[in-house]
Structures are given as C-alpha cells and as structure tokens.
Amino acid sequence: RCKKLKRFRKIIFSFLFFFKQKTAYEIYQCDWSSDVCSSDLQGLKYSFQLNKIKMSNPIKTIVVDDEKNARLMLMELLNEMDDIKVLGNYAGVDEALPAILKMKPDIVFLDVQMPGKNGFELLHEIKDFDVHPTIIFVIAYDEFAIDAIRHSAFDYLLKPVDLDLLNKAVQRYKSEKSKTGNKESINNILK
C-alpha cells in the first residue's frame, strides 16, 4: 500500500506542478508514510477536479507593446492570475494582427504609442475581420488615457501595471462577458 501511495504522490505532484506549483508542493510535503484513509484520497481527487474545471476555459490574452520589459512584466503578472492564458506577446501592430486573427484572444492588452503603427491603428485593422477581442490599453502617460476613453476602451492601465488594478480589470471583464459577450467590444471602441 505504501508503494502505491508513493507512486500516486509522484504522479499527482508532477501533474499538479504543471497547473500550480504551490499546490503541488504542498501535496508533496504531506506525510504519506502515515496511514492515509480513503476520504483523504477522495478529498485530494475532488480538489484536483476543481483545479481541472478552473483551468478548462481560461481567458485567452495577447500582449502588444513595443517595450520589451513592460511586455514581460505584464506577462508575468498575467501568468500569476488564475484563469488567464497568455497566448503570445508582440512588439508591434504588424506582428500582432495575424496572431490576433488566428488565435482570437478574449483580451488584448494594447500599448498605444509604438513605432510604426499605433494601437488605435490596430483597432481599425481588426474591425474588418470577424474577431472581437476586448481591448485594455496599457499606457505610459496619462495623456493617452483621454484618447483611450474617446475610443470607448474597456479599460486602461498605466505603466508600470499594478497587480490590483489588473485584477480589477480582469474581474470586470468576467462580469461584463457573462452579461454581453465579446462581440460588442470592438464595435464600441471604434464608434
């Protein structure tokens, strides 16, 4: 029985590590040498099923920003959040447009001021296709907030992005999505 439990522990550890390191580490630290009753195993199975359900339909995101450090920082914050899957990150509009059309993200975190085409130009290019991501502008200066509001942005965040404000924006997105869906997003922004 002990060998089976140790094997079970290793399987669960390696599988859960993929989903969430802290949970897997806590399970690994359990005292598996003691007698484990079936209710403990059922509880672990139930917990695992909840994690599986939670990750089954993540919010798909893309980050578009010409500043590499800002892009990486935002991606790190997004990866810390539950139910978020970062599909990719791009330094400019020309790189991002094909990815957005192919991957159809739920949210695009979009910088406004970039070399070449800016974030607003990306929005105008997207409107010709059947892709309707929610746009959250990530801006360096307050002056661009006015333009973001004029374009009916779902939300905007100032750089460096604050985790609490990011969480609030994502929670607001979840709430709005449950009411309306994504299709109105691009159309509202481009009015």
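User: Why is Tyr173 called buried?

Analyst: In this predicted model, Tyr173 has a relative accessibility of 2%, and a residue is called buried under 20% relative accessible area, exposed over 50% and partly exposed in between, with a 1.4 Å probe and protein chains only; Tyr173 therefore counts as buried. Local features need pLDDT of at least 70 and side-chain atom pairs count only at pLDDT 80 or more, whereas totals for chains, interfaces and linings use all residues. Residues are numbered from 1 along each chain as its sequence is written, and side-chain values use heavy atoms, with hydrogens and water left out.

User: What makes the pair of Phe154 and Tyr173 edge-to-face?

Analyst: Rings of Phe, Tyr and Trp (its six-membered ring) pair if their centres lie within 6.5 Å, and planes under 30 degrees apart count as stacked, over 60 as edge-to-face and the rest as tilted. The ring centres of Phe154 and Tyr173 are 6.3 Å apart and their planes stand at 80 degrees, so the pair is edge-to-face. Phe154 lies in the loop between helix 7 (143–150) and strand 5 (155–158), while Tyr173 belongs to helix 8 (residues 163–179), so the pair ties together parts that are 19 residues apart in sequence. Helices (H or I, at least four residues) and strands (E, at least two) are DSSP runs, numbered from the N terminus. Phe154 has a relative accessible area of 15% and is likewise buried.

User: How do you know that the charged end of Arg172 sits over the ring of Phe154?

Analyst: The rule asks for NZ of Lys or CZ of Arg within 6 Å of the ring centre and within 35 degrees of the ring normal. The charged end of Arg172 is 4.2 Å from the centre of the Phe154 ring, and is listed as sitting over that ring.

User: What kind of aromatic pair do Phe120 and Phe137 form?

Analyst: By the ring rule the count comes to two aromatic pairs, and the pair of Phe120 and Phe137 is tilted, at 5.2 Å centre to centre and 55 degrees between the planes. This pair links distant parts of the chain, with Phe120 in helix 6 and Phe137 in strand 4, 17 residues apart. Both are buried, Phe120 with a relative accessible area of 10% and Phe137 at 0% relative accessibility.

User: Which residues touch the most other members of the largest nonpolar core?

Analyst: A nonpolar core is a set of buried Ala, Val, Leu, Ile, Met, Phe, Trp, Tyr and Cys residues joined through side-chain atoms within 4.5 Å. The largest such core has 21 residues, of which Val64, Ile100, Leu110, Leu122 and Phe137 touch the most other members. Strand 1 (59–64), helix 5 (93–103), strand 3 (107–110), helix 6 (119–126) and strand 4 (134–139) each supply at least two residues, and helix 5 gives the most, with five. A second, separate core of 20 residues includes Leu74, Met75, Met81 and Phe109.

User: What do the buried residues of helix 5 pack against?

Analyst: Val93, Ala96, Leu97, Ala99 and Ile100 are buried in helix 5, and the buried residues of this helix pack against strand 1, strand 2 (84–90), strand 3 and helix 6. Leaving aside neighbours within four places in sequence, Ile100 is in contact (heavy atoms within 4.5 Å) with residues including Ile62, Val108, Leu122 and Ile126.
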